[in-house]
Amino acid sequence: MSVGLEGGRGFLVAVRTRDICGVDRRCGMAVHSLMMSLVEKGLARRHKKGVYLIERGAAEEVLTALKKWI
């Protein structure tokens with residue numbers, strides 16, 4: 001029996017703006033802007049306010065995009 005990626009544990013990576021920036025609003029807006037760019041490209045999705053989900057399989061593509069933008 002084989003388990004696909006969708007059923008496996010650790011399929012998604014949660015990015016929480018508050019964990020990265022704390023209460024720094026400027027940092028929070030910068031992270032929000034970058035994450036929304038990833039959402040527009042289809043590399044991430046917004047789960048709820050301040051929480052974004054990235055599929056583990058797309059992590060390399062996400063890192064490449066972030067390196068290009070920063």
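Which residues are exposed on the other side of α3? The model is predicted, so some limits apply: local features need pLDDT of at least 70, side-chain atom pairs count only at pLDDT 80 or more, and totals for chains, interfaces and linings use all residues. Residues are numbered from 1 along each chain as its sequence is written, and side-chain values use heavy atoms, with hydrogens and water left out.

Start with α3 (59-69); helices are DSSP runs of H or I with at least four residues, strands runs of E with at least two, numbered from the N terminus. V62, A65 and L66 are buried there. They lie on the same side of α3 because they cover an arc of only 100° around the axis, taken from the directions from the helix axis to the C-beta atoms. On the other side, E60, T64, K67 and K68 are exposed. Buried means under 20% relative accessible area, exposed over 50%, partly exposed in between, with a 1.4 Å probe and protein chains only. The cover over the buried residues of α3 includes α2 and β3.

V62, A65 and L66 also belong to the largest nonpolar core, 12 residues in all. Such a core joins buried Ala, Val, Leu, Ile, Met, Phe, Trp, Tyr and Cys residues through side-chain atoms within 4.5 Å. α2, β3 and α3 each give two or more residues to this core. V15 is another member. Beyond its neighbours within four places in sequence, V15 is in contact (heavy atoms within 4.5 Å) with I20, M35, G50, V51, Y52 and I54.
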